[in-house]
Amino acid sequence: MREELESLSGTRWAGRKLIHFRETDSTNEQAKKSALSGEVHGTLVTADCQSAGKGRRGRSWESPAGSNLYFTLVLKPEFAPEYAPMLTIVMAHAAAEAMRRETGLDCRIKWPNDIVVNGKKVCGILTEMDVLDGKIRYVVIGVGVNVEKQEFPEELAEKATSLEAQLGNGHVCKKALLVQILSCFEKEYEIFAKDLDLRYLKESYENILIGKNERVRVLDPQGEYEGISRGITGTGELLVERDDGQTETVYAGEVSVRGLYGYVR
Ligand code: BTN
């Protein structure tokens with residue numbers, strides 16, 4: 001993996017340092033350790049399989065050997081911690097664009113950062129950060145992409161799919177896809193880090209955002225409501241126009257947004 005990745009890589013810093021495991025608990029956990037032990041900005045941690053892959057909200061991430069991409073990028077930004085959550089949106093956009101290019105599939109984003117093909121999830125992103133004395137020590141962005149055809153556990157079968165399952169007979173080269181994602185992310189990160197807002201990608205993100213100008217249900221622990229999704233703000237929140245005309249700003253985190261008929265629609 002290492003040699004092939006180096007020979008494919010057209011990036012300046014993203015993935016130039018590679019730490020690869022045949023098996024590990026979680027590339028996010030290994031990336032955090034690497035970050036604290038002094039590894040540089042852009043260090044990439046990859047694994048062929050994970051024994052304790054982590055998803056968002058304390059869920060686990062199915063990580064069988066060989067079929068998928070599991071990787072985490074270590075970042076050491078100079079900017080203030082409040083900007084870091086926007087990096088998840090940057091990665092979602094970069095990963096979706098890279099997957100569209102590499103597979104030709106209509107990969108779309110389910111706000112804020114799931115990547116979905118034909119209504120089923122192919123990719124998830126988990127960003128974690130450590131802050132000390134008001135400064136970022138590291139941000140790690142972990143990405144899992146379902147690549148090969150596979151049997152999903154029963155509870156996921158309805159909402160998960162893989163790129164090759166969606167392609168039918170086509171093949172996806174994992175390394176080429178990884179390099180494409182890193183290369184897209186590196187370009188976008190550099191733009192983002194200059195202005196520290198997401199206006200540069202708003203139009204492109206919204207072009208592939210599921211449910212824009214459609215009715216959605218916001219699962220807010222304070223109370224669920226419905227409205228029309230109006231896209232994202234310059235800082236990545238979702239705008240939802242309620243029936244009384246009032247526009248809510250929805251923050252990622254504990255809030256989920258659904259289509260009216262299930263995971264996506
Ligand atoms: C989600 O719940 O949608 C986020 C899933 C993130 C999974 C990836 S796989 C590589 C990295 N290591 C982990 O333990 N999780 C992330």
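A pocket, on a 1 Å grid over the protein atoms alone, is an open set of points where a 1.4 Å probe fits, with protein on both sides within 12 Å along at least five of seven lines, and its lining residues have an atom within 4 Å of a point. A volume is the space filled by probe spheres set on the points, which are joined across faces, edges and corners.

Welcome to this structure. It is a predicted model, in which local features need pLDDT of at least 70 and side-chain atom pairs count only at pLDDT 80 or more, while totals for chains, interfaces and linings use all residues. Residues are numbered from 1 along each chain as its sequence is written, and side-chain values use heavy atoms, leaving out hydrogens and water.

| Pocket | Space | Lining residues by class |
|---|---|---|
| Largest pocket | About 710 Å³ | 16 nonpolar, 14 polar, eleven charged |
| Second largest pocket | About 490 Å³ | twelve nonpolar, six polar, five charged |

In these classes, Ala, Val, Leu, Ile, Met, Phe, Trp, Tyr, Cys and Pro count as nonpolar, Asp, Glu, Lys and Arg as charged, and the others, Gly among them, as polar.

The second largest pocket has 23 lining residues, and Pro85, Met86, Thr88, Ala252 and Gly253 lie nearest its centre. Strand 6 gives the largest share of this lining, four residues. Helices (H or I, at least four residues) and strands (E, at least two) are DSSP runs numbered from the N terminus.

Now to the ligand, which takes up the space of the largest pocket; a molecule sits in a pocket if more than half of its atoms lie within 2 Å of the pocket's grid points. Around the ligand are 20 residues, with Ser26, Gln50, Lys54, Arg56 and Lys121 coming nearest; here a residue is near a molecule if one of its heavy atoms lies within 4 Å of it. By class, this shell holds six nonpolar, ten polar and four charged residues.

Which atoms meet the ligand? A backbone N or O atom of Lys54 is 2.7 Å from a ligand oxygen atom. A polar side-chain atom of Gln50 lies 2.9 Å from a nitrogen atom of the ligand, and an N or O atom in the side chain of Thr27 lies 3.0 Å from a ligand nitrogen atom. The protein buries 98% of the 410 Å² that the ligand exposes when taken alone, with accessible areas from the Shrake-Rupley method with a 1.4 Å probe.

Methods:
A polar contact is a pair of N or O atoms within 3.5 Å; within protein, one must be able to donate a hydrogen and the other to accept it, and residues adjacent in sequence count only if both atoms are side-chain atoms.
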